[in-house]
Amino acid sequence: MVKSIGVGLLGLGTVGAGVANIIQTPEGRHPLVSEVELIRVAVKDLQRQRKASISSTLLTNDPIEVIDDPSVEVVVEVIGGIEPARSLILRAIKNGKSVVTANKAVIARHGEEIAAAAKEAGVYVLIEAAVGGGIPIIEPLKQSLGGNRIQKVSGIINGTTNYILSRIEKEGAGYKDVLKEAQELGYAEADPAADVEGLDAADKIAILSALAFGGPINREAIPTQGITNLNIRDVEYANKLGYGVKLLAVAESLESNNHKESSLPLAVWVQPTLIPKEHPLAEVNGVNNAIFVEGDPIGEVMFYGPGAGAGPTASAVVADILNIAGISRLGSKNNSLDPLLEASSWRSCNLVKAERIIQKHYLRLKVEDSPGVIGQIGSVFGQNGVSIQSIVQFDANEAGAEIVVITHAVALGKVTASLEVIKTFKAVQGLSAQMVCI
Ligand code: HSE
């Protein structure tokens, strides 16, 4: 008889229940699924009603019982947050168990420490579910695209904010109502501020960058702007100018072909972004995510699909369990790991300061509707080396007018220097909004 692969589950919320459901219904799936056995499940509250039917004999409210159980070969961590998740993962590794986690917050901040511990113990830590929900992106970056020099990774990687922005844009729906719906649908984080402030997307782009560029990323240094200050007026103006608005996360290599630095310079950021309506990202709506990877020699590939929710995220978790199960079937020699699956870093990366990042900027200025204002503004941009793609005046009346400027690609520092001068003009009442465009 084939020995089963024992799985211990930490957490039985939206994702945990989705994983349990797949493992308990193996019919029609890959034969390896039927060899996966749920051994123990740690939950916070033993009395709570469950989204998956689990025999009460498997449940415990002590995660250590799961991690220390000798029949558990793979620990699946889906409780989220930094602690106790980090300590539980490290303890599982120390116990010689491989770990599968959907926890982007812990991997973005402690990925190096966890990877080093796993290498030392000769076990795997797989994280397919941490980015892009059900979209396979982690293993493709680690394995299928391994022959490329990656130049850029960018995309929509938070389902909750994309759901909110799509509903606002298409139906003019209210922000709070739509956020509540996203929570009910199981898309939002336990603390939805992580979604709407852009922190979840920043965690995910930190993880993608580390894999794509081969070195750890300083998560705290990523310039991050969420959608909480986004004004519906800017969504309307963007629409009139032929753009949609999405929360975009970008990581780009700034290394030039003839100048190789010892540490790879990267521009990484998360920001609401105007996307031309004809661009494929403009059509990524609802909970869907899409990730563009640009590399040499592949060119451009896009990964697209559901970025959050029980089923899609559980699909990614189970894929990782099966990867480990398959390797376990082969048996390992001297703790040696598959070098592509283990994903350790091989160079150092440094994040450039926000002022050096080159982007197209969207600026909305509140001004007096008086002669010469547009000329004055235009000449300050010109003096600072900022080239303007378009400048449009909206909603002019006695109270004033709004001027929307879209620049050509330029370093943020030059835009900031121009705005400092522009804001001193008597006819300029203030800067009402600032975003970027692709
Ligand atoms: N809260 C996350 C999102 C869940 O909305 O994308 C998936 O990581």
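**View 1. Domain centres in the predicted model.** The centres of domain 1 and domain 3, taken over C-alpha atoms, are separated by 50 Å. Domain 1 covers 5-134 + 311-347, domain 2 covers 147-304 and domain 3 covers 356-437, with bounds from an automatic or database domain assignment. This is a predicted model, in which local features need pLDDT of at least 70 and side-chain atom pairs count only at pLDDT 80 or more, while totals for chains, interfaces and linings use all residues. Residues are numbered from 1 along each chain as its sequence is written, and side-chain values use heavy atoms, with hydrogens and water left out.

View 2. Look here for polar contacts (pairs of N or O atoms within 3.5 Å). A polar side-chain atom of K104 sits 2.6 Å from a ligand oxygen, and a polar backbone atom of Y187 is 2.7 Å from a ligand nitrogen. An N or O atom in the side chain of K204 lies 2.8 Å from an oxygen atom of the ligand. Of the 260 Å² that the ligand exposes when taken alone, the protein buries 95% (Shrake-Rupley method, 1.4 Å probe).

**View 3. Salt bridge between R40 and E65.** The closest N and O atoms of this salt bridge are 2.3 Å apart (the term means a side-chain nitrogen of Lys or Arg within 4 Å of a carboxyl oxygen of Asp or Glu). R40 belongs to strand β2 (residues 36-42) and E65 to helix α2 (residues 63-67), so the pair ties together parts 25 residues apart in sequence.

**View 4. Salt bridge between E402 and R364.** Here the closest N and O atoms are 2.8 Å apart. Both E402 and R364 are buried (under 20% relative accessible area, 1.4 Å probe, protein chains only).

Note on methods:
Polar contact = N/O pair within 3.5 Å; in protein donor to acceptor, adjacent residues only side chain to side chain. Helix = DSSP H or I, 4+ residues; strand = E, 2+ residues; numbered from the N terminus. Buried < 20%, exposed > 50% of the residue type's maximum accessible area, 1.4 Å probe, protein only.
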